Amino acid sequence: MLEVIQREFVYLWYYFSVQFEQIFKFWILGMLIGSAVSVFLKDRIHNIFRSLGDKKLGILGIPIASALGIASPLCMYGTIPIAASFSKSGMKDDWLAAFMMSSVLLNPQLILYSMALGTTALVVRITSCFFCGIAAGLLVRFRYRNKSFFQFDGFDEPQNRDTHPNIILRYLKNLWRNVRATGLYFLFGILLSALFQRYVPTEVTTTLFGGNEAWGVLMAATIGVPLYACGGGTIPLLQQWLWDGMSLGSAVAFMITGPATKITNLGALKIVLGIKRFVLYIAFVMLFSLAAGLLVNLVA
């Protein structure tokens, strides 16, 4: 019995170490550049978006807002207060919807993590998140033209924690916060990947997320809801699934529903949306992820 346990441990350690070596550099790169964006570019990105409120861009402001949402390094709990401050300054709800939707799905740090999935998957992820933000903005623009969509009462602009007078220490403090926030999820993701490699046959992944493409996309969109905990933590798992036969469309569906329905994000969104618009948000995310996944599989 002891020999069996030792042998299984050796196998798992092998899979874990191989996966770690392949993906660790992308995690480190994400940490380094993500913290740089947060410390040195965050205010500039948000000020660019704030300045758009004085321009009569109309519907053209929606794709710009979606792009700036992706560029913003904030998580949902940081995005909502800053969006509340944008709203108080007169920013339109459709622009805010585009900014918040794409910001929930992607940020500079997660873009760098996603490089581990390959160039094609990276481009598809960025593109799908960008268009998801646009679709959210358009939905709010035409469905809530004369009505308020968000309820930002009680939200104040978040306090900036990157204020140390020494620029190097300011950066290092932000970097350390990033490491603490994502490190355990990153290691747990690699462990899950090792367990899948050892104990889940490749055929199972192909059956669930490959083969029957429509079924695979639906399964990936559904499983993304309970399984997603941290963007960096899911990258090793996605990488393994793609190697085992997961279709790219299924991966896209998972990468949309996962962050969009992350439990901490949902709690914050329910506050600013109210129950009816919150249900609309969930339905939108699921339908868009399915459509995006099927379209990617069709094109690919």
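Mentor: Happy to! In this predicted model, let's start with helix α4 (residues 93-105) and helix α11 (residues 248-260), whose axes come within 8 Å and cross at roughly 110°. Angles of 65 to 115 degrees count as roughly perpendicular, and therefore α4 and α11 are roughly perpendicular to each other.

Now for the aromatic rings. A pair of rings is described by the distance of the centres and the angle of the planes. The count for this model comes to 15 aromatic pairs. One of them joins Phe20 and Phe186, with 6.2 Å from centre to centre and 55° between the planes, which makes the pair tilted. Phe20 lies in helix α1 (residues 2-51) and Phe186 in helix α7 (residues 167-199), so this pair ties together parts that are 166 residues apart in sequence. Phe20 is partly exposed, at a relative accessible area of 26%, whereas Phe186 is buried, at 3%.

Another tilted pair is formed by Phe284 and Phe288, at 5.9 Å centre to centre and 35° between the planes. These two residues are 4 apart in helix α12 (residues 263-299), so about one helical turn separates them. Both Phe284 and Phe288 are buried.

Going back to Phe20, you can follow ring pairs that link Trp13, Phe16, Phe20, Phe24, Trp27 and Phe186 into a cluster.

Rings also have charged neighbours here. Lys92 lies over the face of Trp95, 4.6 Å from the ring centre. Likewise, the charged end of Arg277 sits over the ring of Phe149, at 6.0 Å from its centre.

For a last stop, look at Gly30, which is placed in helix α1. Gly30 has a relative accessible area of 0%, so it is buried. Leaving aside residues up to four places away in sequence, Gly30 touches Ser35, Gln109, Leu112 and Tyr113. As for Thr119, it is 89 residues from Gly30 in sequence, and in space the two are 16 Å apart, C-alpha to C-alpha.

How values were computed:
Residues are numbered from 1 along each chain as its sequence is written. This is a predicted model: local features need pLDDT of at least 70, side-chain atom pairs count only at pLDDT 80 or more; totals for chains, interfaces and linings use all residues. Side-chain values use heavy atoms; hydrogens and water are left out. Axes are lines fitted to C-alpha atoms, for helices over the stretch in contact, and angles run from 0 to 180 degrees between N-to-C directions. Angles under 35 degrees count as roughly parallel, over 145 as roughly antiparallel, 65 to 115 as roughly perpendicular and the rest as oblique. Rings of Phe, Tyr and Trp (its six-membered ring) pair if their centres lie within 6.5 Å; planes under 30 degrees apart count as stacked, over 60 as edge-to-face and the rest as tilted. Buried means under 20% relative accessible area, exposed over 50%, partly exposed in between (1.4 Å probe, protein chains only). A charge sits over a ring if NZ of Lys or CZ of Arg is within 6 Å of the ring centre and within 35 degrees of the ring normal. Contact means heavy atoms within 4.5 Å.
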